[in-house]
Amino acid sequence: MSETLLLIVILFPLLFGASIAFIPFRKRAHMTVYTEIITVITTLLCFLLICNRPTDQLVLFTFVEKYNISFRMDGMSMVFAGLVSSLWPLATLYSFEYMEHEANEKTLRESTFFAMYTMTFGITLGIALASNMLTMYIFYEMLTLITVPLIIFSLSREAILASRKYLYYSLGGAAFAFIGLVFLMKYGDSIEFMLGGVLNMDKVGDRQNVLRLIYVFAFFGFGVKAAVWPLNSWLPQAGVAPTPVTALLHAVAVVKSGAFAILRLTYYSFGTDFLRGSFAQYVPMAVVIFTIVYGCSMAVKERHIKRRLAYSTISNLSYILFGALVMTPLGMIGALSHMIFHGVMKICSFFCAGAIICKTGKTYVYELDGLGRRMPKTFCIFTISALALMGVPGLCGFISKWNLANAAVESGVVLNYVGIAALLISALLTAIYMLQIVIRAFFPQKGFDESSVGQFRDPGWKMLVPLTLFVIAIILFGLYSAPLTELFGDVAAGLL
């Protein structure tokens with residue numbers, strides 16, 4: 001397979017996505033079909049790459065000496081690009097029905113929305129396919145800039161404040177991540193991603209603890225998008241954006257890019273042999289363990305549906321980082337498992353919440369009484385995603401949590417055992433904040449007036465088809481995850 005396809009799969013959604021804002025579509029249906037065709041073709045191209053993986057990298061251009069913008073598909077790229085490409089066409093299809101209320105009088109703005117939405121697909125693939133830290137960093141910054149207009153879309157005061165906070169946090173985090181890039185340029189043999197790291201110990205000399213401190217800085221820099229405490233307050237606030245955007249933020253592009261970047265930083269740049277057993281492992285691990293419990297605790301308290309799910313995301317992202325910080329091959333397997341499975345579970349639950357908000361206008365948990373009887377398909381799907389997030393056996397959430405716990409036990413590190421306790425506490429709190437929604441929807445309190453929800457119905461096929469496919473994936477991955485787990489094992493072993 002030609003390496004040129006690595007560039008095509010990134011440029012195609014960028015260029016054709018941008019054209020959505022300028023083409024004078026006569027009907028909204030023409031715009032939606034055009035948008036879906038772009039995303040589907042991009043997905044097909046991406047899977048063509050995955051199935052026929054090119055062995056060499058594509059160098060786009062060189063800055064100075066050995067520093068260049070280049071792309072390559074290794075095992076990590078396959079996993080992240082596969083996740084993004086699988087979810088994006090379904091998310092786009094869902095967004096067509098959700099965004100119908102923006103049509104007619106706001107057609108221009110809606111076309112701009114879908115242009116940005118589609119371009120984000122290409123930029124996220126740029127992060128996935130980057131062959132070195134410099135390339136990934138550039139696309140990482142571009143991701144921040146392209147998603148700000150999506151958050152600010154409604155132009156409400158809340159949206160403006162949320163987008164401003166997201167921008168400040170993201171650019172500040174990127175500055176810390178840039179410090180890591182500079183030190184890798186100085187003390188690494190290269191900035192290419194190589195399993196085991198690229199640091200030259202002869203150059204490092206007696207500055208090992210300085211380099212470990214730089215890793216911690218870079219970890220928290222990339223950790224902004226991964227919503228690590230105390231750098232996570234932007235995520236619940238960003239819930240003012242349309243649900244297709246918040247699902248993009250919480251399940252597919254933004255937060256997963258942060259987790260992906262930390263995996264790259266840990267395993268492919270600094271190297272686990274250099275970091276393991278030092279404060280560079282223990283300090284981030286302690287913060288991540290706290291974040292797991294903190295996110296779930298805040299979700300229990302939160303009454304707004306989307307903000308509750310946002311705090312759930314904060315907790316679950318730190319599951320991925322917990323696996324990464326175990327710093328063993330089993331830890332990487334656990335991290336990759338939860339990165340994939342959480343993406344499916346969370347986009348499913350977020351889209352259910354979006355369907356509820358879109359069709360009923362209700363945004364708080366206490367307003368959901370009896371809606372399960374009027375929207376049975378939506379709430380049944382939500383229930384399965386809730387059980388998966390809790391880690392119920394037979395669903396994919398159990399597989400990833402089992403892999404994470406197994407990695408922690410195998411490591412033999414005391415702090416990792418504390419992490420297992422945090423996972424158990426998190427599972428209990430997840431049951432509380434997710435099942436509360438389910439119980440209120442299906443079993444309202446005595447004396448409930450059925451006529452108060454009589455006018456509500458399940459959404460149309462554009463929403464239900466993606467939701468159905470997501471819940472099928474949750475069940476299938478829970479029952480038959482062996483092929484994916486083997487793939488993650490090969491990635492962790494450096495075979496891909």
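**Close-up views of a predicted model**

**Figure 1. Contact between helices α18 and α19.** In this predicted model, K401, L404, A405, A408, V409 and S411 of α18 meet N416, Y417, I420, L423 and A427 of α19. The residues of this contact comprise eight nonpolar, two polar and one charged. Helix α18 spans residues 396-411 and helix α19 spans residues 414-442; their axes lie 8 Å apart and the helices pack at an angle of about 155°. Because angles over 145 degrees count as roughly antiparallel, α18 is described as roughly antiparallel to α19. The crossing of α18 past α19 is left-handed.

**Figure 2. Contact between helices α14 and α15.** Helix α14 (residues 305-326) and helix α15 (residues 329-360) have axes that come within 8 Å and cross at roughly 175°. The two helices, α14 and α15, are therefore roughly antiparallel to each other. On the α14 side, the contact includes I305, K306, L309, A310, Y319 and I320. These residues belong to a set that meets residues of α15, among them G331, M332, A335, H338, F350 and I357. By class, the residues of the contact of α14 with α15 divide into 13 nonpolar, eight polar and two charged.

**Figure 3. The loop between α14 and α15.** M327 is located in the loop that links α14 and α15. Although M327 is not a glycine, its phi is positive, at about 60°. Most residues other than glycine have a negative phi. M327 has a relative accessibility of 0% and so counts as buried, the cut-off being under 20% relative accessible area.

**Figure 4. The loop between α8 and α9.** This view shows two backbone features. A227, which lies in the loop between α8 and α9, has a positive phi of about 60° while not being a glycine. A227 is buried, because its relative accessible area is 0%. P230 is found in the loop between α8 (208-223) and α9 (234-237). The peptide bond from W229 to P230 is cis, with omega near 5°. Most peptide bonds, by contrast, are trans.

**Figure 5. The hairpin of strands β1 and β2.** Strand β1 (residues 58-64) and strand β2 (residues 67-71) run antiparallel and are joined by five bridges. L58 has F71 in β2 as its bridge partner. Two residues separate β1 from β2 in the hairpin, and E65 in the turn has a positive phi of about 50°.

Key: Residues are numbered from 1 along each chain as its sequence is written. This is a predicted model: local features need pLDDT of at least 70, side-chain atom pairs count only at pLDDT 80 or more; totals for chains, interfaces and linings use all residues. Side-chain values use heavy atoms; hydrogens and water are left out. Axes are lines fitted to C-alpha atoms, for helices over the stretch in contact, and angles run from 0 to 180 degrees between N-to-C directions. Helices (H or I, at least four residues) and strands (E, at least two) are DSSP runs, numbered from the N terminus. Angles under 35 degrees count as roughly parallel, over 145 as roughly antiparallel, 65 to 115 as roughly perpendicular and the rest as oblique. A crossing is left-handed if the near helix is turned anticlockwise from the far one by less than a right angle, and right-handed if clockwise. Contact means heavy atoms within 4.5 Å. Ala, Val, Leu, Ile, Met, Phe, Trp, Tyr, Cys and Pro count as nonpolar, Asp, Glu, Lys and Arg as charged, and the others, Gly among them, as polar. Two strands pair if DSSP finds at least two bridges between them. Buried means under 20% relative accessible area, exposed over 50%, partly exposed in between (1.4 Å probe, protein chains only).
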